[in-house]
Amino acid sequence: MLQRVLAIVQKEFSQALRDRVTLVIMLTMPLLQLILLGYAINMNVRHIPTVVADQSLDQTSRNYLHAMVNSEYFDIAATAPDQAAVIQAIDAGRQQVGIVIPPDFAEHVKRGDAQVLVLVDGADMFTSISASTAADIIGQAQSIAVISDRVTRSGSGASLSSLPALNAHLRVLYNPDMLTLWFIIPGMAAMLLQTQTIVLTAVAVVKEREVGTIEQILVTPIRPIELMIGKVVPYMVIALVNMLSIIAIGVFWFHVPFQGSFWLFIGLTFVYIFSGLGLGLLISTVSQNQRQAQQLIMLFMMVGMVLGGFVFPRYTMPAAIRLVGNLFPLTYFVPISRGIITKGVGLAQLGSDVLSLLVYIVVVMFLAARTFRKRLD
Amino acid sequence: MTSMTRSFQRFSALLYKEMVQILRDRRTLMLFFLLPVIELFLFAYAVSLNVYHLPTALVDQSMDVRSRDFVDALVKSNYFDITQTYQNEQQVIQAIDAGEVKAGVIIPPNFAEDVNSGQGNVLILLDGSDSFSVQSGYNGASAITQAYSINLTTQAVKKSGGGAVLLAGVNNTPITTATRVLYNPDLRDLVFLLPGLIALIIQNIIVAHSAMAVVREREVGTFEQILATPARPIEMILSKLIPGMLVVMVDMAFILTLGVFWFNVPINGSIVALVVWSLLFIVSGMALGLLISSVSKTQRQAQQITAVLNMFTLLLSGFIYSRSSMPVWTQIVGDIIPLTFYLKIIRGIITKGVGSAYLTSDILALVIYSVVALVFAAAVFKKRLD
């Protein structure tokens, strides 16, 4: 028995050693993944981009904002004149948290009826949880500080009736009850579809090459770009059906409300699917055999899932890692999906992501056709 | 005819060919349509960031009204489920070491008196190898204590009706909790993350590699040549294991070194144990890959199955989302992933620094897993030959 096993082991070894590229991929991929994911995954969400509308601009309001920034949970990235402008910024996804301080804040704090409004982007789960917990704690701490200050000075319990001197009113936009499923479904639809599209086309070309049928296509007058588009289109139908079934289950079974325009969503889903299929196709033309394609799919799936902003918000990642994330269609579609389904915004707010996806498609299809042509020579 | 229409003709001919190809492979097509739906159901139920019902060990050395009140508040919050009671801190740490509980609550003697004099002190211990448990345990414990303290203070104020008590209440709340996070006191993300990440990467590469092993030879046709030799199915399967294992062991050594020296994550336990049980994990991953390989008809099917497994692993194994907050049936689905068991082993050895004795059930699970998967793979393989 041992002899026979050894013989096959030897055969496997020489096979593995002959396919150098696969071997190198297998040896270097884990390192790459560890470095990328090691920097990308961040469980404690801090430094949340925050927009502030401070209508008092007095000492007390500055103190309060100072406490928020000192907590390291909030980074003030922009200022706005009023609540409407703050909500607009969150709608467009520029900032994830808004703080609105009404006029005469110092006066109100003295009288003990000060109100601060903290608005949180309820499209992202980590942000919502982290921001609401932090805002609560900081508001409470500030209240206690103000009260104890006053009690120490007056030395009496008279002010007890006005116990909360500062009331931080927290509103989670889009998902006021912070239901997990509302957070999860839009991003998950995007993630499932990215995996699906990459897997669908990743073997399309390499399989024909391995099996040998590619020669038959080559003798026809077909051009590389025509071949590439022809490979993508049938799968678009499959992926679109996938998306429709996911959304149907999300809306009718899990009762996730669909706030925006359904047709806009379908239109952009088309664009997204095309970009994912294009990425799969590029993998397919780059790989020499199906095994290499398999390894690359694994790399792209894993890294794409984590860097795409579905699980962890992208603003917590270092800039270099965010750049790598730009290589995946998911990165652009997560804001689109959450924007339309959860926030109910339109093209005006999503313009840059849509544009990125379109550019992405052109680049990826062009690269795939070029690599394919080069491989032919 | 313009070149445009000719191009369109060529294109539609090609399109037709692709359509026919896809429609012919009915089984793959079904998979394509059904998979995302199944995944959505599984993941939607599994993913939850609010970890409630942390299994908790309790040491109540007071057993008075106040301590019972406080424990009641903890349980009512839904953050903590008291599953064990012990006599002292040592036993609690042991239980956390063994992974039986994720949190410990220790109430010292004379709690009621201490609370009345404003010096109540509760110690909360949290399992620092699981990030989510720590975070929600931390938040839960401080929120509950604060609420409980404020409650007590307002009661006291009402009774005495004076501001003097309030002052005391504000400056030193009647109960303070000291929270200690075991294994990872500074709450460094990478300490939480790295062991699981290493395991995840290794499982991915190993399954991807071995899943292609058998089906590839079948598709390319070299399989027939091997069948002509006297090698038996189980022998073939075993020999497929060995070269891949060597490559993956090198991978493992690489990324462990990177983790320790670049990311500065210390290995607290025995390196020998880590190597041995990692080998076992590699075998189990290989076995799973080979099973996939012998079940699949084409490399494409094998790819699809591994892609799904990949997502299962990321979301169901306990790597990101805590398994204790998942419904039972998603936990059972998670059990088909070797990582689910190995995660506890690698976190146990690297982060907690416990010995193999604490990890026996997971080690045993991996052994059984490997044997079952290998036997299955050989059986399916044999059947396919006929």
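Modeller: A helix axis here is a line fitted to C-alpha atoms over the stretch in contact, and the angle between two axes runs from 0 to 180 degrees between N-to-C directions. The model is predicted.

Start with chain A. Helices α7(A) and α12(A) pack with their axes 11 Å apart, at an angle of about 165°. Angles over 145 degrees count as roughly antiparallel, which makes α7(A) roughly antiparallel to α12(A). Their crossing is right-handed. On the α7(A) side the contact is made by M191(A), Q194(A), T195(A), I198(A), V199(A) and A202(A), and these meet A293(A), I297(A), F300(A), M301(A), G304(A) and M305(A) of α12(A). By type, the residues of this contact are 9 nonpolar and 3 polar, with no charged residue.

In total, 70 residues of chain A are in contact with 69 residues of chain B. The elements of chain A that give two or more residues to this side include α7 (180–202) and α12 (290–307), along with α1 (2–18), α2 (20–40) and α6 (125–154). The largest share, 13 residues, comes from α10(A). The side of chain A that touches chain B holds 46 nonpolar, 17 polar and 7 charged residues.

Helix α8 (residues 189–220) and helix α11 (residues 271–295) of chain B have their axes 7 Å apart and pack at an angle of about 35°. Here too the crossing is right-handed, with α8(B) passing α11(B). Among the α8(B) residues in the contact are Q203(B), I206(B), H209(B) and S210(B), while the α11(B) residues include I282(B), G285(B), M286(B) and G289(B). The contact of α8(B) with α11(B) divides into 12 nonpolar and 7 polar residues, again with no charged one.

Now the domains of chain B. Chain B is divided into domain 1 (54–182) and domain 2 (189–385). Taken over C-alpha atoms, the centres of these two domains of chain B are 41 Å apart. Between them, 11 residues of domain 1 of chain B are in contact with 11 residues of domain 2 of chain B. On the domain 1 side, β1 (54–60) and α6 (131–160) of chain B are the elements that give two or more residues, and the largest share, 3 residues, comes from α6(B). The residues of that side are 4 nonpolar, 4 polar and 3 charged.

Terms used
Residues are numbered from 1 along each chain as its sequence is written. Chains are lettered from A and ligands numbered from 1 in the order in which they are written. This is a predicted model: local features need pLDDT of at least 70, side-chain atom pairs count only at pLDDT 80 or more; totals for chains, interfaces and linings use all residues. Helices (H or I, at least four residues) and strands (E, at least two) are DSSP runs, numbered from the N terminus. A crossing is left-handed if the near helix is turned anticlockwise from the far one by less than a right angle, and right-handed if clockwise. Two residues are in contact if their C-beta atoms, placed from the backbone, lie within 7 Å. Ala, Val, Leu, Ile, Met, Phe, Trp, Tyr, Cys and Pro count as nonpolar, Asp, Glu, Lys and Arg as charged, and the others, Gly among them, as polar. Domain bounds come from an automatic or database domain assignment. Angles under 35 degrees count as roughly parallel, over 145 as roughly antiparallel, 65 to 115 as roughly perpendicular and the rest as oblique.
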